[in-house]
Amino acid sequence: MRILVLGGDGYLGWPTALHLSDCGHDVAVADNFARRAYDHEMGVRSLVPMEPLQVRVDAWREVSGQEIKTYYGDLVDAEFTVEMIRDFRPDTIVHFAEQRAAPYSMIDRKHAVYTQQNNVVGNLNVLFAIQEIDPEIHLVKLGTMGEYGTPNIDIEEGWLEVTHKGRTDRMLYPKKPGSFYHLSKVHDSHNIEFACRIWGLRATDLNQGVVYGQETPQTVRDPRLATRFDYDAIFGTVLNRFVIQAVLGHPLTVYGTGSQTRGVIDIRDTVECIRLASENPADKGEFRVFNQMTESFSVEEIAKTVANNYHGTVEVEYLDNPRVEQDHHYYNVVHTGLVELGLDPHLLSNTLINSLFGVAEQFKDRVDLSAMRPTVEWRTASSPLRSQN
């Protein structure tokens with residue numbers, strides 16, 4: 001199968017490309033390297049050093065004998081998007097290529113507008129390119145569990161059967177996103193469903209939980225294949241951040257009471273979910289939704305799990321929550337679709353956490369402690385024009 005991975009230089013895009021290549025697929029990656037630019041903008045860097053994309057590709061050729069083709073460009077550029085897809089002629093497109101951080105989208109007007117334009121317009125350009133070049137291409141799109149919010153009912157896999165005044169219909173599950181980033185993902189989902197319904201495209205929307213981990217069986221084969229490991233308050237995922245804080249003897253920073261519940265997934269399961277979705281495509285005209293998570297924990301439970309499994313003394317610090325979200329809420333998520341396709345999940349365990357401690361110990365000299373303190377306040381996001389006055 002020919003698979004094009006958009007955002008193939010990123011935290012998840014790169015290990016996904018390696019996993020798919022290792023499974024025998026003909027893989028290409030595309031990126032505009034915006035994620036690396038965000039590091040420069042925010043004054044932070046990945047805990048684990050990353051090689052340039054071409055060095056990574058060359059290293060993969062050396063260790064595996066497999067070629068990965070590369071494209072450099074921006075999905076917001078419709079002409080580039082069309083020409084890239086026409087050139088590679090993929091059977092499947094895996095779409096990671098979006099600004100992925102809720103805090104980044106809430107900094108101010110400029111960052112909110114950028115996030116929406118980048119994500120929504122880029123995704124629309126991909127849909128139009130598929131419709132123009134080959135409507136049989138299967139789009140595998142990375143969404144987020146954050147699209148749903150925290151409703152007081154079970155979260156189904158994308159669709160909900162509703163009976164109202166004696167009549168029943170199947171409709172997209174109602175969304176209640178918590179940031180401009182999550183809103184952009186909701187727009188993506190609606191646009192993709194529309195394209196499937198009107199143009200007969202086939203798509204799988206993967207609403208992913210919080211990803212933890214840094215190593216996959218492919219990335220550990222050579223240090224040059226390492227993916228990034230974010231720990232800062234803008235891009236760092238909560239469990240990864242807690243692990244680094246524990247190693248440094250820094251209090252684990254829990255926002256609010258820590259009762260907020262999150263769906264989580266191991267990075268090794270993320271790349272396997274992409275393989276399963278790609279090799280078992282949606283039907284023509286189908287907008288298929290999977291909730292891509294394996295377990296759920298409160299933020300406080302995650303912090304205590306990290307603290308209990310670290311060999312040193314770890315404290316937990318409760319900070320005022322910079323986000324606008326419910327502390328206590330119902331959270332029951334249906335996530336059976338990928339298991340039915342064959343996913344055998346890695347569950348959060350002592351072994352995994354200890355492996356993360358090892359990565360953090362190895363590179364702890366690269367940590368900027370100040371980068372872990374939250375600086376973006378949801379309630380006071382401002383226009384940069386106004387803030388300059």
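Is E300 buried, exposed or partly exposed? At 22% relative accessibility, E300 comes out as partly exposed, where buried means under 20% relative accessible area, exposed means over 50%, and partly exposed is anything in between (1.4 Å probe, protein chains only). The structure is a predicted model, so local features need pLDDT of at least 70 and side-chain atom pairs count only at pLDDT 80 or more, while totals for chains, interfaces and linings use all residues. Residues are numbered from 1 along each chain as its sequence is written, and side-chain values use heavy atoms, with hydrogens and water left out.

As for annotation, UniProt lists residues 3-291 under "domain: NAD-dependent epimerase/dehydratase", in an unreviewed entry; UniProt positions follow the numbering used here, feature names are shortened, and annotations may be inferred rather than shown by experiment. Over residues 3-291, the chain is 39% helix and 22% strand, with helices (H or I, at least four residues) and strands (E, at least two) taken as DSSP runs and numbered from the N terminus. The end C-alpha atoms of that stretch sit 22 Å apart.

Now for the charged pairs. Side chains of opposite charge can pair when their charged atoms come close. With a salt bridge taken as a side-chain nitrogen of Lys or Arg within 4 Å of a carboxyl oxygen of Asp or Glu, a search of the whole structure turns up 31 of them. One of these joins K69 to D87, with the closest N and O atoms 2.8 Å apart. K69 belongs to strand 3 (residues 68-72) and D87 to helix 4 (residues 78-88), so this pair ties together parts that are 18 residues apart in sequence. K69 is partly exposed, at 38% relative accessible area, and D87 is also partly exposed, at 45%.

The pair formed by D188 and K141 is a salt bridge at 3.1 Å, N to O. Because D188 lies in helix 7 (residues 180-199) and K141 in strand 5 (residues 138-144), the contact ties together parts 47 residues apart in sequence. Here D188 is buried, at 0% relative accessibility, and K141 is buried too, with a relative accessible area of 1%.

Back to E300: its side chain meets that of K304 in a salt bridge of 3.9 Å, N to O. Both residues lie in helix 10 (residues 299-309), four residues apart, which is about one turn of the helix. K304 is partly exposed, with a relative accessible area of 44%.

Finally, some charged residues link up beyond simple pairs: R35, D39, R100, R228 and D230 are joined in a network of salt bridges.
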